[in-house]
Amino acid sequence: MLLNINDDNFFRDPDKAAICDSLSSLPPDEFAILGKAEEHYVQVYHNNDGTFQLEYRDGSAEKHYEANSDEIDLNDVQQAFLAYRDGAPNWYANWSWEKCEFDDDDEEEEASDEVEYNGVMMPSEWVENIIASQEIESLTINSEVFGRVP
């Protein structure tokens, strides 16, 4: 399992302390994702107004759900992440969930917006991400800082 904190910090097989500490210090306008496989994860976005948007995905966009952010606090987010990590049956049962609706037109537009980069076809925003990643000096994984290899 991998805990991703705003694409800045990553924790492989995080323990309870790593999850709770990371979530309690999550600033507004940032996110955390705990994933066990591609398209299988629980995630939270810390809204600017202090509320949390808790979601989970169980394999596809058709199985992507969100909880009512008016009913979710930090304790709920921590409980959901820990229960998900532990593989608790029906871990999601403590909250009311609604299926997320995605605009198919937006997905089709993004999917068709591809460019060739070094001989590989990829979504156009990836090129910007690759270029931006060249400026990264270090990466923190499980609280260990790794410097850029020259």
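Where is the place of Asp29? Asp29 sits in the loop between α1 (16-24) and β3 (30-37). Helices here are DSSP runs of H or I with at least four residues, strands are runs of E with at least two, and both are numbered from the N terminus. The model is predicted, and local features need pLDDT of at least 70, side-chain atom pairs count only at pLDDT 80 or more, and totals for chains, interfaces and linings use all residues. Residues are numbered from 1 along each chain as its sequence is written, and side-chain values use heavy atoms, with hydrogens and water left out.

Asp29 has a phi near 70 degrees, a positive value in a residue other than glycine. Asp29 counts as partly exposed because its relative accessibility is 44%; buried means under 20% relative accessible area, exposed over 50%, and partly exposed in between (1.4 Å probe, protein chains only). A positive phi is also found at Asn90, near 55 degrees. Asn90 lies in the loop between α2 (74-86) and β7 (97-99).

Within α1, the residues Ala18, Ile19, Cys20, Ser22 and Leu23 are buried. Their cover includes β1 (2-5), β2 (9-12), β3, β4 (40-46) and α2, where contact means heavy atoms within 4.5 Å.

Next come the charged side chains. The structure holds 2 salt bridges, each defined as a side-chain nitrogen of Lys or Arg within 4 Å of a carboxyl oxygen of Asp or Glu. One joins Glu39 and Arg57, at 2.5 Å from N to O. This pair links distant parts of the chain, with Glu39 in the loop between β3 and β4 and Arg57 in strand β5 (residues 52-58), 18 residues apart. Glu39 is partly exposed because its relative accessibility is 29%, whereas Arg57, at 13%, counts as buried. A salt bridge also joins Asp86 and Arg85, at 2.7 Å from N to O. Arg85 has a relative accessible area of 25%, so it is partly exposed.

On the surface, Asp113, Glu114, Glu125 and Glu128 gather in a patch of negative charge. Such patches are made of residues with over 30% relative accessible area and no salt bridge, with like charges joined within 9 Å. Asp and Glu count as negative and Lys and Arg as positive, while His and the chain ends are not counted. Glu128 belongs to helix α4 (residues 124-133). Glu128 counts as exposed because its relative accessibility is 59%.

How values were computed. Patches are made of residues with over 30% relative accessible area and no salt bridge: like charges are joined within 9 Å, nonpolar side chains (Val, Leu, Ile, Met, Phe, Trp, Tyr) within 5 Å. Accessible areas come from the Shrake-Rupley method with a 1.4 Å probe; for residues, only the protein chains shown count as cover. The place of a charge is taken as NZ of Lys, CZ of Arg, CG of Asp or CD of Glu.
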